[in-house]
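Visitor: I have a chain to look at and a few questions. Can you put it up?

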Amino acid sequence: MKFWDIPYERADLEAFRREMEALICRFENAESAEAAAEAYAAMDTLEANALRTPRTIAQIRRDINTADEFYDAENAFYNREIPALQPLLKRRTKALLESPFRKELEEKLGSVIFVNAEMSMKTFSPELVQDLQRENELTAQYSKLLASAQIEFEGKTYAISQMQPFKLDPDDKRRLAAWTAEGNWYNEHGEELDRIYDELVKLRDGMGRKLGYDGFTELGYYRMKRNCYTMDDVENFRIAVQDYVVPVAKKIYLRQAQRQGREFPLNFADKDLSFRSGNPRPVGTPEEVVATGTKFYSELSEETKAYWAHMTGHEMMDVESKPGKRGGAYCTGIPAYRSPFILASLNGTAHDVEVITHEAGHGFAVFLNRDRTPIETIWPSLEACEVHSMSMEFFAEPWAEDFFGADAKKFLYTHLTGALSFIPYGTMVDHFQHIMYEYPDFDPEERHQVWRELLGLYMPWAKPGDVPFYGDGKGWQRQQHIYMSPFYYIDYCLAQTVSLEFWRLIREDPKVAFQTYLRYTEQGGSKVFTDLLKTAGLSSPFEEETLKKICAEAMAFIDSYDLSGLE
Ligand SMILES: [Zn+2]
């Protein structure tokens, strides 16, 4: 069925509550493992069909046109009413964990739902309700503040996201002016940004203590469902990043400075401009980029060909830029229709190719697992999901000329170097948060000082000073995850590491590499991240050798890459 032909009816929450309660009773009173498994499957289907499906449809339709009053009201209805269902859903989780048939159920349904259920029980207590509401208020204040930004630039006003093209303008003066205008806006709102974060850190620290933990960090790990690695693993990863990735990235930027005749370290406004003549730009209109996507997915494999035919045939993508559309890009799933959905606004920049490869990479994983039960195991945890998308970006590299035309050579270079230099930045974002929650009483100046020190460790190519806010060592305040979703960031670094292993495997043999990708992806969320990797025969990012090997090969590739003719 095409997306707009799907009928919409508001979820009947009273009926949902009644049916869920009856099913929980049926589950609790089941006299055999089979009966318990059946009741569990019924709960899983009920939640997916009667709650998640209508909610997701309303959300997508509202995001396509935020001025649509009907779907806007529907969306507001779910945001308002769904938190009240939490105690009921927690009861279900508790029943699952206390089932006398747990062992049989783990065999039937997979153990990952039990691991996750245990984690989710560790994150909540009724005495946190007020704190959680306050946390929502504070994160809403932060996102509202950022969304309200009106940045004066060249006689016009722009939102933060609209500044991005100017921040990459090849003209040095214009680019620096854009960075300065944006940086000044953040500095003007510095006190507010400091206050919100200060309150968030103390609030979260308090929540951790109320649950009996030594501060927030442990709770933060449970909230992120870190079900297969520990803080020590993350610390080892951090050290490997410093030992292997930072030196490679430093060399990339040193060469960039030499090519462009600039001093090293580079200032913030210069470091993101890979080439004097500008970063790679895709060819063609948004429609043509989608058509190139069709070529790519049809030629890559039978599986991706069927997937793309589904997405285009059922109109499960809305990627045109239109007034009133929500910004950004995402991929979600509509469970009752066993389909992924992609929303984005293509705009003629390299971002368009990312939508077609990255977001659609998430979509492919959902499509491949559309018949999986329990439905809640279609998606794995977040770092595992990012492997689907970040790796698909690398599988698209052989089609770089179709996507980028004459800029393909630039793209193949910046795609790899960008992935490599992202890892130190992302790891720094995570490291910073560990320190923040270890020392919740730091004052704002002490927090900025920590960021400055980490910049020296993870980004020695970025020069302090010159650019307001960023050069002042306050740039962490623009990284929304730090405020909105604590500890959600290392996920991207772990996934980027795995995707770089795919980059390496693709160079050996693209067909074999894609088989490995399929083996990984077709497991959906049936296992924890490290087990998904193991089954597919991929290395763990937590082993030192993994980054060491990737960096050695990447360095050799970069050393021999022919940049002649590119400025
Ligand atoms: Zn993603």
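Visitor: Start with charge. How far apart are the mean positions of the positive and negative charges of the chain?
Guide: The mean positions of the 65 positive and 91 negative charges are 1 Å apart. Lys and Arg count as positive, Asp and Glu as negative, and His and the chain ends are not counted. Each charge is placed at NZ of Lys, CZ of Arg, CG of Asp or CD of Glu.

Visitor: What sort of model is this?
Guide: This is a predicted model, in which local features need pLDDT of at least 70, side-chain atom pairs count only at pLDDT 80 or more, and totals for chains, interfaces and linings use all residues. Residues are numbered from 1 along each chain as its sequence is written, and side-chain values use heavy atoms, with hydrogens and water left out.

Visitor: How many helices and strands?
Guide: The chain has 25 helices and five strands. These are DSSP runs, numbered from the N terminus: H or I of at least four residues for helices, E of at least two for strands.

Visitor: How much of the chain is buried?
Guide: Of the 567 residues, 56% count as buried. Buried means under 20% relative accessible area, exposed over 50%, and partly exposed in between, with a 1.4 Å probe and protein chains only.

Visitor: Now helix H10. What is its span?
Guide: H10 covers residues 190-210, 21 residues in total, and reaches 30 Å from its first C-alpha to its last. That is close to the 30 Å expected at 1.5 Å a residue, the expected span being 1.5 Å times one less than the number of residues.

Visitor: Which residues of H10 are buried?
Guide: Among them are Leu193, Ile196, Tyr197, Leu200 and Arg204.

Visitor: What do the buried ones pack against?
Guide: The buried residues of H10 pack against helices including H7 (129-147), H9 (172-188), H19 and H20 (444-458). Contact here means heavy atoms within 4.5 Å.

Visitor: And just after H10?
Guide: Gly212 takes a positive phi of about 90 degrees there.

Visitor: You mentioned H19. Is His415 buried or exposed?
Guide: His415 is found in H19 (residues 408-438). His415 counts as buried because its relative accessible area is 10%.

Visitor: What does His415 contact?
Guide: Leaving aside neighbours within four places in sequence, His415 is in contact with Glu393, Phe394 and Glu397.

Visitor: Last one, Thr157. Where is it?
Guide: Thr157 is in strand E2 (residues 156-158). With a relative accessible area of 40%, Thr157 is partly exposed. Not counting residues up to four places away in sequence, Thr157 touches Gln150, Ile151 and Glu152.
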